[in-house]
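Please look through the model below with the backbone and the side chains both in view. The paragraphs that follow go from strand pairing to helix packing and then to a single residue.

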Amino acid sequence: MIRTFIAVEVAPTTIASITSAITELKPKLPAVRWVAPANFHLTVKFLGDIEANQVDAIGAALQLALAPFPRCTINAKGLGVFPGVRQAKNLWVGIFGDELARLAASIDRALLALGFFAEPRAFSPHLTIGRWRHIDRPAGNLKQELARWRDRDFGATIVDRVILFHSKLNPTGAVYSQLKVIKLNDQAIE
């Protein structure tokens, strides 16, 4: 069994901009465990544990579903937390793009025939950049800090491919490796 998810990678310039913000945030949010910049990605669908022999079928289903899907642009902007300021567990950068919901729905539909369930919640695109340990509570100034970063633009990314990743969990953090890369249509970017 291998742990897997489907994601979009983020442009290096956007990663650099977010990394710069993290450098500024670290002293203000000392209880946060920060995600390594190499692991920044937009998860479109988490598959969980699958059999290794399912990788080719998943790749083929994605290829068929996404062949007509055009490249698109996404923008990283602002900071937020899940589930809320008082019980924050995840710190994220918002991701915006007109085609993202349609991309996620196409992936959901493609995988239904393979036995994967459609996501019950609306797609909420974000990049997790940090997590609070369950014993830590966010600092009292979190609400003000988030307000300072609400409109910060971290940059744009051209989405030209979707990737099926293997996620290997280690004590030092997750290590991701690409299993399948599905290129999107080369039509003009919207």
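In β6, Leu-91 has Gly-130 as its bridge partner, and this pair belongs to the antiparallel arrangement in which five bridges join strand β5 (residues 90-96) to β6. Helices (H or I, at least four residues) and strands (E, at least two) are DSSP runs, numbered from the N terminus, and two strands pair if DSSP finds at least two bridges between them. This is a predicted model, in which local features need pLDDT of at least 70 and side-chain atom pairs count only at pLDDT 80 or more, while totals for chains, interfaces and linings use all residues. Residues are numbered from 1 along each chain as its sequence is written, and side-chain values use heavy atoms, with hydrogens and water left out.

Strand β6 (residues 126-132) is also joined to strand β2 (residues 32-34), by three bridges and again in the antiparallel sense, with Val-32 standing opposite Trp-132. Because five of its seven residues are buried, β6 is largely enclosed by the rest of the structure; buried means under 20% relative accessible area, exposed over 50%, and partly exposed in between (1.4 Å probe, protein chains only).

An open sheet is formed by four strands in the order β3-β1-β8-β9, with antiparallel pairing. Its edge strands, each pairing on one side only, are β3 (41-50) and β9 (173-183). Within this sheet, strand β1 (residues 2-9) pairs with β3 over eight bridges, and Thr-4 stands opposite Gly-48 in β3.

Helix α2 (residues 55-66) lies across β1, β3, β8 (161-170) and β9, running at about 50° to β9. Helix α3 (residues 100-112) packs on the sheet as well, touching β1, β3 and β8. Axes here are lines fitted to C-alpha atoms, for helices over the stretch in contact, and angles run from 0 to 180 degrees between N-to-C directions. The axes of α2 and α3 come within 9 Å and cross at roughly 130°. Ile-58, Ala-61, Leu-62, Ala-65 and Leu-66 in α2 meet Leu-103, Ser-106, Ile-107, Ala-110 and Leu-111 in α3, where contact means heavy atoms within 4.5 Å.

Finally, where does Thr-157 lie? Thr-157 is placed in strand β7 (residues 153-159) and is buried, with a relative accessible area of 5%. The side chain of Thr-157 reaches the backbone nitrogen of Ala-11 at 2.9 Å. Not counting residues up to four places away in sequence, Thr-157 touches Glu-9, Val-10, Ala-11, Thr-14, Cys-72, Thr-73 and Ile-74.

Key
Polar contact = N/O pair within 3.5 Å; in protein donor to acceptor, adjacent residues only side chain to side chain.
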